[in-house]
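Please keep the sequence and the structure in view while reading.

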Amino acid sequence: MANTLIINNWELLYRGAWIPSNTSSTNIQDLINYNIIKDGPINIMGQDQSKILEKQWIYRSINVLNITNAEIIFEGIDTIASIYVNNQKVIDANNMFVKYQHYVGNISGSLNITAVFTEITNNLDKGQFAHAQVRRAAYQFYWDFCYKLLQVGFWRPVIINTRTPIQISNVYIQTATIEKLKAEIDVSFDILGDSKYSILLQINYKKIILHEKLLDNQDNVKERITIQQPSLWWPNGYGGQPMYTLKILIYNEQKEIVTHKEVDFGIRQSKLIQQMDEDGQSFLFLFNGKQIYIKGANYAPTDMITTRIRQHYQQVFNDTLIMQCNALRIWGGGIYEDDQFYDLADKYGILIWQDFMFANAVYPNTPEFLNNVENEIRQNVERLRNHPSILLWSGNNEIHQGMLSWGYNAISGAPELYKKLFQEMIPNIIHELDPSIDYIHSSPLYLYRDKQMGEIHDWMIFHQLENIEDLHLSSGRFVSEYGNQAYPDFSTFIILKMILSPGYQNMNQYISNYFNRTTEKLAAVYYSNGVQYMTYQTAAIAHRILKPYNMGTIFWQLQDSAPLATWSVIDILKCKKGGFYAIKKFYNKLIIGFKYLKQQLLVYAVSEYEQIIEGQVNIQVIYIQNNTLLYNITKNITLNQHFSEHINTLDISDETAQSVFMTMRFYNKQFDYNYTYTIKRPNQLKLRKPEIKILLQGSQLIMTTQYFAKLVYVHNWYQCLNPSDNYFDLVPGEKKIITFEAQNLTIKDIGFKAYY
């Protein structure tokens, strides 16, 4: 049986002295650990660059070992590096996204590994597409949500394996068919080795052996296995996530196990449907034969230091579930995440839209580059393809858009490279290695002016300064990016000693358009997050009430990696921003929403419950100044999972719309959903001081108001409260109960603000 040793006694040479490192680290992390530079997002961003701009970085590991048939596996080298083993160069590493291996053989005595990293910017042209010239995480070169931080080192572990005489490789598990009472699973793998052996295949579910078969000696195994009464894997909100286990055991002639492999998998099928119809072109997913509506978030790396990203994984999925997402899009300017990330996606039913790591650039049209990335694509598809959470492979982020509208196509070699890489090489590899999962050559496939055509990134909001309410005028068939900027939570702003910046011109314009211009910190944080809340609320409603015309909404973006005003809904200190609370509420399985057009209020309901839902809707339109009713309508409705339902139209003039708020409630014996809205922008409403009262009872904050309160923000100056709800509208007569992630609070710890 194989043995594995993780090398953890690394040292980094820094200005003539060796400083200790560990199994998975980079030069930046090591300098922090050794107190040469300070930790923390502001410190790293503003550090003395002279301390990290070395022309060369050297790591070493000195070992005395006694191992036979050994190989060294470098899981991730961030990059560019020459690797020496006992003073002999064995690897030239130029891609952080691939695994490198070197066979050593028998070791009895010294095993010394040295890695010489060249300072990355010395190898790059200083042009527009510096991040495209080397295979490493693009966001580290600077993006609009983070700062520049280039680093080198072993960002994933270095291990020593004892190579067994027989090896199992290329395991692939594919759901071939699903019927009511059975499913057929295709299993294939390769056996490497000259010895005689036998193979035992097992399929286990909940520790029960469902299938077992003994196979004779063969190099390429292909088996179709029938599972009776299968438990299907479903996305979050559509069913459970049962996992099966394939066990492969290899026996020698003496009936001893010489090697084995276990692979978890789910029984599931997915299909991307892109068909022309009377409205344009669809973009929707069938999952296990049923249409599903995608409610997702764009995921970019959660830390500037890549070795720390995995520390955030559990929190990422906790927050994703709280927001009721069923998908994450892994953005092409980051990294292919560790196995643990995809294991958690499998566990929680979070579908993964996986970009390959190409973003917003023209890449080199050379044989060397294409050979390099072919290896990268093959390694990562083989590594990830058995995860049931993988929904879609996507060639790149926004390069097709750049070819269509940013002038990329005019750059020498760009059209040819695009075709070779994204329309030939990658889809051919997908067809070979993972034919069960669909591939698109880029995201988006269409420009945002082509909203009727499939999948788009809708940046009319923010980049084109479109009015938030105009999201209701038109929507894409599937919107995989949209968003609006906001400052971090106020506590983060104060803790990190951040300052207001006039450089956020678009964000400041939205603040001016919807609230008031301000130079006061709390107001700027509050207004920007209010804008973000309204954007994500309006977009989620605008997309979902168009179902089935629209079949997916994925906001940009989940979480920060730097202390800046960004589109994220969770800031660098893990505090929830305005958009988080909007998504949490308006990704509900059942929502009642509206759009206001030509002085008419059109009310809709949409359900994602599999069964038909019957119940009552109550719509109240109430005057802000005196709490009197303009409308009070109750009606019975029936909701179907596959369609949104237009349930009422009310005549409300523009003048009246400035003076009212609305409550919309769906209820029956099983469900009770409540939503509160205003029609006009906050600075157009005729608001009055709401007279809010608060009471802290144990860990619960109870809030009441005499008059309507718009966008109530609960906060603390020096502590992230992460309340259960925030940026909410408070209705007279309502008793709002808030709980907190923060512990041991007193009433003095809690501040609040409403707009009036």
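Y527 and Y755 are both buried. The model they belong to is predicted. The two tyrosines also form an aromatic pair with each other, and the structure holds 59 aromatic pairs.

**The pair Y527 and Y755**
- The ring centres of Y527 and Y755 are 6.1 Å apart, with 80 degrees between the planes.
- At that angle the pair counts as edge-to-face, because the cut-off for this class is over 60 degrees.
- Y527 belongs to helix α10 (residues 521-544), while Y755 belongs to strand β42 (residues 751-755).
- The pair links distant parts of the chain, as its members are 228 residues apart.

**The pair Y299 and F341**
- Y299 and F341 have ring centres 5.0 Å apart and planes at 50 degrees, so this pair is tilted.
- The pair joins strand β22 (residues 294-299), which holds Y299, to helix α4 (residues 339-348), which holds F341.
- Y299 and F341 are 42 residues apart, and their pair links distant parts of the chain.
- Y299 has a relative accessible area of 1%, so it is buried.
- F341 has a relative accessibility of 0% and therefore counts as buried.

**A cluster of rings**
- Y299 and F341 are also part of a cluster that ring pairs build together with Y313, F317, Y342 and Y348.

**Charges over rings**
- R60 places its charged end over the ring of W18, 3.8 Å from the ring's centre.
- R688 lies over the face of Y707, and its distance from the ring centre is 3.6 Å.

Note on methods:
Residues numbered from 1 in each chain as written. Predicted model: local features only at pLDDT ≥ 70, side-chain atom pairs only at ≥ 80, totals over all residues. Heavy atoms only, no water. Phe/Tyr/Trp six-rings, centres within 6.5 Å; stacked < 30°, edge-to-face > 60°. Helix = DSSP H or I, 4+ residues; strand = E, 2+ residues; numbered from the N terminus. Buried < 20%, exposed > 50% of the residue type's maximum accessible area, 1.4 Å probe, protein only. Lys NZ or Arg CZ within 6 Å of the ring centre and 35° of its normal.
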